[in-house]
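Subject: Structure handover

Hello,

Here is the structure for your files. My notes follow below it.

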Amino acid sequence: MQPAVVIRNLKKSYGPQPAVVDVSLTLMPGQIFGLLGPNGAGKTTTIRCLATLERPDQGELTLCGVSVTQDPRRARTYIGYVAQEVAQDKILTGRELLEFHADLYHLPRAQGQAQIRKALDWLGLEERSQDRIGTYSGGMKKRLDIACGLLHNPQVLLLDEPTVGLDINSRLKVWEFLRELKTHGVAVLLTSHYLEEIDALADQVAILSQGTVIAEGSPNELKDQIGGERITIRLKEFTPEDQALRAAQALRTLGWVQEVVINRFQGNALNLVIQPEPQAVMILERYLIDQGFPVFGIAQARPSLDDVFLVATGQSLQDAQFVQVEAGMDRKKKR
């Protein structure tokens with residue numbers, strides 16, 4: 001079976017600032033592939049290069065065997081693209097927007113109307129299709145955006161943060177639709193910084209950090225590679241950083257503790273990855289108390305995709321996201 005998407009050694013910079021350093025991946029028909037990482041990791045740039053909206057500095061990209069850089073016009077016929085930001089005219093009705101997009105795709109009238117009916121039915125928008133888009137909820141607008149990207153029956157659907165800002169019910173509806181789309185053989189490449197979204201949807205996932213793939217595989221494979229178990233310890237509800245640093249140093253002396261990271265996003269909680277150890281929670285709690293540290297709470301769980309990111313980078317995904325926000329604020333201040 002021919003791959004739907006192949007990316008090899010993609011590189012892209014904006015002036016002196018590298019956005020994608022080295023990304024390679026392969027996506028098969030009927031597969032959902034997730035790109036996971038904080039803002040600034042290179043997810044959107046990767047999607048935009050594949051969608052022919054950005055020209056890569058280096059690398060090979062193909063869609064259904066067609067080179068994106070050598071034959072972009074033909075490559076575009078295979079893809080539907082849904083950007084992170086919804087761009088819709090609030091005055092139009094949902095059906096009018098879909099008819100406009102059908103004309104942009106040069107679909108014959110009868111075919112366009114048939115595709116519009118199917119898209120509205122698939123995404124549960126038929127009842128509101130004659131209403132103006134300005135009256136739609138955020139979830140309905142996102143589903144309408146996805147409908148626009150599907151009118152020409154693309155073999156590959158590119159989604160950039162498809163559920164960002166949506167409430168949980170709207171997110172679940174989008175998830176349900178994407179699983180249905182997969183059964184029709186459509187390859188879906190989506191970006192997200194929601195751990196649970198990638199874990200729930202993706203057959204394969206590539207975790208990006210600073211423009212590089214740091215881990216790739218199925219969600220279960222990546223979690224199994226870590227081994228051991230995850231423990232979260234809160235010394236206090238909001239632990240002072242110096243106290244968390246001293247506790248982390250003490251915990252690292254235990255031979256069966258593989259990794260200790262201070263999670264700023266969780267009030268300087270301590271995230272541990274440990275080798276299997278009977279009664280680990282009780283041992284850690286007693287050890288910390290003996291070392292003079294308080295224990296506000298302690299919990300044990302199976303490794304998650306956040307632990308994969310933690311082991312690979314030394315920080316949690318939430319903290320990496322927080323660092324990017326702080327860096328952006330610093331840049332604005334300097335201006």
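**Salt bridges**

The structure holds eight salt bridges (a side-chain nitrogen of Lys or Arg within 4 Å of a carboxyl oxygen of Asp or Glu). One of them joins K43 and E161, at 3.9 Å from N to O. This pair links distant parts of the chain, 118 residues apart: K43 is in helix α1 (residues 43-50), E161 in the loop between β7 (156-160) and α6 (168-183). Helices (H or I, at least four residues) and strands (E, at least two) are DSSP runs, numbered from the N terminus. Both K43 and E161 are buried. Buried means under 20% relative accessible area, exposed over 50%, partly exposed in between (1.4 Å probe, protein chains only).

D199 forms another with K223, with the closest N and O atoms 3.1 Å apart. D199 lies in α7 (residues 195-201) and K223 in α8 (residues 219-226), so the pair ties together parts 24 residues apart in sequence. D199 is partly exposed at 31%; K223 is buried at 8%.

**Strand β3**

Five of the five residues of β3 (residues 32-36) are buried. I32, G34 and L36 point one way, F33 and L35 the other. β3 runs parallel to β8 (residues 187-192), joined by five bridges. Pairing requires at least two DSSP bridges between the strands. β3 also pairs with β9 (residues 204-209), in the parallel sense, over four bridges. F33 has L189 as its bridge partner in β8 and stands opposite Q204 in β9.

**Basis**

This is a predicted model: local features need pLDDT of at least 70, side-chain atom pairs count only at pLDDT 80 or more, and totals for chains, interfaces and linings use all residues. Residues are numbered from 1 along each chain as its sequence is written, and side-chain values use heavy atoms, leaving out hydrogens and water.

Regards
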